[in-house]
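Dear colleague,

My notes on what was found follow it.

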Amino acid sequence: MNALYDTTVNGTLTPPGAELPRLLRAPAAGPGGLDVHVDAYGPLPSGRDVIALVDAAGLTGRGGAGFPTARKLATVAAAGRRTVVVGNGGEGEPAAGKDLLLLHTVPHLVLDGLSLAAEAVRASDTYLYVERGSPALPGLEAAVRERRRAGMDRRRVEIVHAPPRFLAGEESALVNRVSGGAALPRATPPRVFERGVRGRPTLVQNVETLAQIALIARYGPAWFRALGTATEPGTMLFSVSGAVAAPRVIEAEIGVSLPALLGAAGGQIARLQAVLYGGYHGGWLPAADALAIPLANTALRPRGVSLGAGVVVALPADACGLAETARVARYLADESAKQCGPCLNGLPRIADALAVLARPHPDRRTRAWIERWSSLVAGRGACHHPDGTVRFVRSALRVFAHEADLHEGGRCSATTRRAVLPVPAPGVPAPRDWR
Ligand SMILES: Cc1cc2nc3c(=O)[nH]c(=O)nc-3n(C[C@H](O)[C@H](O)[C@H](O)COP(=O)(O)O)c2cc1C
Ligand code: SF4
């Protein structure tokens, strides 16, 4: 028996209590090796019905769509032999940093989750997908080697480098890249759980989801459900930035209030105008609404936004929401794979029109053009990139409607043009190819 395994079949390890942090408990000691990891979280459980535990815990994916994890695990497990599991740490979202933090500080927790998911679906191959040049790579490679020496994982974990592109983490792009090709999205169906890496049924799970699986398998569903809401249990990593004193990744329970989350990021440093949720495929809410609504999909979705991958950006009152949206829309248009009509023709036109709307000058037609192009591209791409982009743009037209009125009259209420939303400079820092 390996001392790093807990071979208890029915019992769970003594849970560490309901307090936070959960996922990020180890970082106080820094990204130590396997012994530090086992001291912090306990040994890797074995012999448990991981799918049943994850189902009872009610875990949903933390990569953006929030799909029930147990359903995905069960579907791939039912697909039969030679399945594949990929941990998605691509994190192409510029305003997010949680997967990097997780991979950097608790690599063994992610690798535990990968191993448990692989066991649950009887996978023959496991991969970890991480951005090329990521500062987390040396630690991850060392962790994989350490586990191999300790005989921890039944399967060899191969690390595959993702290009630094917004779309590289989309699951069909990921599957193409892990299969040896370019990280370009493809039309679905077939979905990746039907035909994924080299044509085999593939489970793609965000690395935070995997780390949550590692905790649920150790401490059980009741412990997991002690935080969060009844319908959205557990904690989530939020990448909080914008008008806060200390932008950072914060682990908080789902359902936390926005003031509490902003407080954990050092507190507001300005009066707020709006808040961006979910990322660049997410959407804006006016600050007054956002401050009153808990961070849970049940509360956010009726307002047209969602938690997505946990991005929360606080826009100060002196910034221009239209200018911010225009910069990001240009980035999203540039980042498209340019394989389908909506991305080739639609997104650049929307970005051009938004750039016009972002400048105060008399004009009454631009908004209507943005609406028109948005309705033409929605639902027409091979992947969700046009839909996600349009969702973001439409939320801006709703939330910044008053500002658009002012711009159309040649005026602007913003007193600064300092950029709030991060947008990578074209071609910097990494080559913009798809491999
Ligand atoms: C344009 C686009 C980009 C995406 N990028 C990522 C990413 O960087 N990381 C990630 O985990 N999921 C990303 N996703 C979601 C994945 O396609 C997939 O749903 C997710 O990895 C599944 O894991 P989960 O169920 O654990 O959330 C992206 C989706 C889209 C449409
Ligand atoms: S919709 Fe856009 S991003 Fe998606 S596959 Fe087509 S061209 Fe590429």
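In this predicted model, helix α2 (residues 50-57) and helix α8 (residues 207-219) cross at roughly 100°, with their axes coming within 10 Å. On the α2 side the contact is made by Val50, Leu53, Val54 and Ala57, and on the α8 side by Ile213, Ile216 and Ala217. By class, this contact of α2 with α8 has 7 nonpolar residues, with no polar and no charged ones.

Next, the sheet. An open sheet is formed by 5 strands, and their order is β8-β7-β11-β9-β10. The pairing in this sheet is mixed. The edges are taken by β8 (248-253) and β10 (283-286); each has a single partner strand, so one side of each is left without a neighbour in the sheet. On average, neighbouring strands of this sheet are turned by 30° against each other, direction ignored.

Within the sheet, strand β9 (residues 272-277) and strand β11 (residues 311-316) run antiparallel and are joined by 5 bridges. If you want a specific pair to look at, Tyr277 has Val312 of β11 as its bridge partner. Helix α16 lies across β9 and β10, and runs at about 20° to β10.

Finally, the domains. The domain assignment divides the protein chain into domain 1 (5-225), domain 2 (235-316) and domain 3 (321-408). Between the C-alpha centres of domain 1 and domain 3 the distance is 35 Å. Their contact takes 9 residues from domain 1 and 7 residues from domain 3. On the side of domain 1 that touches domain 3, the residues divide into 5 nonpolar, 1 polar and 3 charged.

Regards

Terms used. Residues are numbered from 1 along each chain as its sequence is written. Chains are lettered from A and ligands numbered from 1 in the order in which they are written. This is a predicted model: local features need pLDDT of at least 70, side-chain atom pairs count only at pLDDT 80 or more; totals for chains, interfaces and linings use all residues. Axes are lines fitted to C-alpha atoms, for helices over the stretch in contact, and angles run from 0 to 180 degrees between N-to-C directions. Helices (H or I, at least four residues) and strands (E, at least two) are DSSP runs, numbered from the N terminus. Two residues are in contact if their C-beta atoms, placed from the backbone, lie within 7 Å. Ala, Val, Leu, Ile, Met, Phe, Trp, Tyr, Cys and Pro count as nonpolar, Asp, Glu, Lys and Arg as charged, and the others, Gly among them, as polar. Two strands pair if DSSP finds at least two bridges between them. Domain bounds come from an automatic or database domain assignment.
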